[in-house]
Amino acid sequence: MEEEIKRTCLYDKHIALNAKMSPFGGFDMPIQYSGITNEHNAVRNDVGIFDVSHMGQVMITGEQAEEFVDYIFTNDVTSIAEGKILYGMMLMQNGGTVDDLLVYKMGPNQYFLVINAANIDKDLNWIISQNKNFKVGVENMSDYYGEIAIQGPKSETVLEKLTGLKVSDLEFYTFKEYAYRGENIIISRTGYTGEDGFEIYGSHAFTQYAWDLFIQAGITPCGLGCRDTLRFEAGLPLYGHELSEEINPIMAGLGMFVKMDKPNFIGKEAILHYKEDLTKKIVGLELTEKSVPRAGYEIYNEDGKLVGNVTTGYISISSGLPVCMALVKIDYSTLGTTLYVKIRNKNFAATVIRKQFYKKNYKK
């Protein structure tokens, strides 16, 4: 029986704005409003607003919360202060990626995990299955929280002006809890676009209020179409493409988020092996002709041997160049290597380049 598709608390708002809707991660989500290029450029040059209420939130609490999160997470939560955020992964014992996520340290006994929409049930079941020897509580908060993202170089100015809240003292990858309109909300500064930006978490009613506040002020509504083109240009991974149960963080070039000097975490032994004997790697490719390299397209070497597949590809909106990220055999991952992307039964030459196609503009 097909699972019923979910709607976020902002679904009616998207319909009212004539958004083009499509299923994503089990939710009916807006893909675009005025057009992907227009929305992409609004975020690069001005400010845009996204509904990201489909993302999952899990609260880990208890006297062993820090110990438990550090065990299931690749980054080192013991090294950061309250109010800080870490990016990292949860891994299987074989090193495959359960999910990539953000961990908000609310206190030594309280951690707020933000997980991918498509993985909410899988992640929750996995987290609970690992919680046999720890004194912690695991609560799925995904149905309570709505979330909007305000992204772009003018996001700080707009957010402060429209809400009256002071967010300029929030550093990159930090958050604060604010008392606002009778409830506690969380505002963080991470972004998934390569630009400065904020995430606002609150009840469904608050999220609807905040969405209307920004839309009525003329802020450009942005769909998941440009969210993908923006994160792709900045070289940021999307689970199911550049990370998966088959693609570990070392293959994805995300080893900096895997702290091997920690005493223990799930998948550590497997990652040690991959560090010593890596067989595949995510790279960037730039095609010599203007054709679009889509996810799944095959990649060949000069001898016609299959050596990889495209994970995400576009004509970059910011540069106009045909580029992609691809998982290729390690022998073909060196910068400058010539490979061939098969597009509609024709091979297009491509050069291995760095997988960041746009310079990030985060507030440091």
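Trainee: Why is Asn18 called exposed?

Mentor: Its relative accessibility is 67%. Exposed means over 50%. Asn18 passes that mark, so Asn18 counts as exposed. Keep in mind that this is a predicted model.

Trainee: Where is Asn18 found?

Mentor: In the loop between α1 (11-16) and β1 (20-24).

Trainee: How do you know whether Arg181 is buried or exposed?

Mentor: Its relative accessibility is 57%. Arg181 lies in the loop between β10 (175-180) and β11 (183-188).

Trainee: Now Gly62. Why is Gly62 called partly exposed?

Mentor: Buried needs under 20%, and exposed needs over 50%. Gly62 is at 24% relative accessibility. That value lies in between, so Gly62 counts as partly exposed.

Trainee: Where is Gly62, and what is it in contact with?

Mentor: Gly62 is in the loop between β4 (56-61) and α3 (65-72). Set aside its neighbours within four places in sequence, and Gly62 is in contact with Asn109, Lys135 and Val136.

Trainee: How many Å separate Gly62 and Thr37 in space?

Mentor: They are 46 Å apart, C-alpha to C-alpha. In sequence they are 25 residues apart.

Trainee: Which helix holds His40, and what makes His40 buried?

Mentor: His40 lies in helix α2 (residues 36-45). Its relative accessibility is 0%. The limit for buried is under 20%, so His40 counts as buried.

Trainee: What makes the link between the side chains of His40 and Ser318 a polar contact?

Mentor: The two side chains are joined at 3.1 Å. The limit for a pair of N or O atoms is 3.5 Å. The pair falls within that limit. Beyond its neighbours within four places in sequence, His40 is in contact with Cys226, Thr229, Leu230, Glu233, Ile317 and Ser318.

Trainee: How do you know whether Arg231 is buried or exposed?

Mentor: Its relative accessible area is 1%. That is under 20%, so Arg231 is buried. Arg231 is found in helix α7 (residues 224-233).

Trainee: Why is Tyr300 called buried?

Mentor: Its relative accessibility is 14%. Buried means under 20%, so Tyr300 counts as buried. Tyr300 lies in strand β15 (residues 298-300).

Trainee: What does the side chain of Tyr300 make a polar contact with?

Mentor: With the side chain of Glu298, at 2.4 Å. Tyr300 and Ala349 are 49 residues apart in sequence and 9.5 Å apart in space, C-alpha to C-alpha.

Trainee: Which residues of helix α4 are buried?

Mentor: In α4 (residues 120-130) they are Ile120, Asp123, Leu124, Trp126 and Ile127.

Trainee: How do you know where they sit around the axis of α4?

Mentor: Look down the axis. The buried residues fall within an arc of 165°, so they line one face of α4. They pack against β4, α3, β5, β6 (97-107), β7 (110-115) and β8 (137-140).

Trainee: What puts the buried residues of α8 on the same side?

Mentor: In α8 (residues 268-276) the buried residues are Lys268, Ala270 and Ile271. They cover an arc of only 155° around the axis, which puts them on the same side of α8. What covers them includes β5 (85-91). The face turned away carries the exposed residues Glu269 and Glu276.

Trainee: Last one. How much space lies in the second largest pocket?

Mentor: About 200 Å³. Of its 16 lining residues, the closest to the centre are Lys6, Phe27, Ser53, Ser142 and Asp143. The lining divides into 5 nonpolar, 7 polar and 4 charged residues.

Technical notes:
Residues are numbered from 1 along each chain as its sequence is written. This is a predicted model: local features need pLDDT of at least 70, side-chain atom pairs count only at pLDDT 80 or more; totals for chains, interfaces and linings use all residues. Side-chain values use heavy atoms; hydrogens and water are left out. Buried means under 20% relative accessible area, exposed over 50%, partly exposed in between (1.4 Å probe, protein chains only). Helices (H or I, at least four residues) and strands (E, at least two) are DSSP runs, numbered from the N terminus. The arc is that of the directions from the helix axis to the C-beta atoms. Contact means heavy atoms within 4.5 Å. A polar contact is a pair of N or O atoms within 3.5 Å; within protein, one must be able to donate a hydrogen and the other to accept it, and residues adjacent in sequence count only if both atoms are side-chain atoms. On a 1 Å grid over the protein atoms alone, a cavity is a set of points where a 1.4 Å probe fits but cannot get out, and a pocket is an open set with protein on both sides within 12 Å along at least five of seven lines; lining residues have an atom within 4 Å of a point. Grid points are joined across faces, edges and corners, and a volume is the space filled by probe spheres set on the points. Ala, Val, Leu, Ile, Met, Phe, Trp, Tyr, Cys and Pro count as nonpolar, Asp, Glu, Lys and Arg as charged, and the others, Gly among them, as polar.
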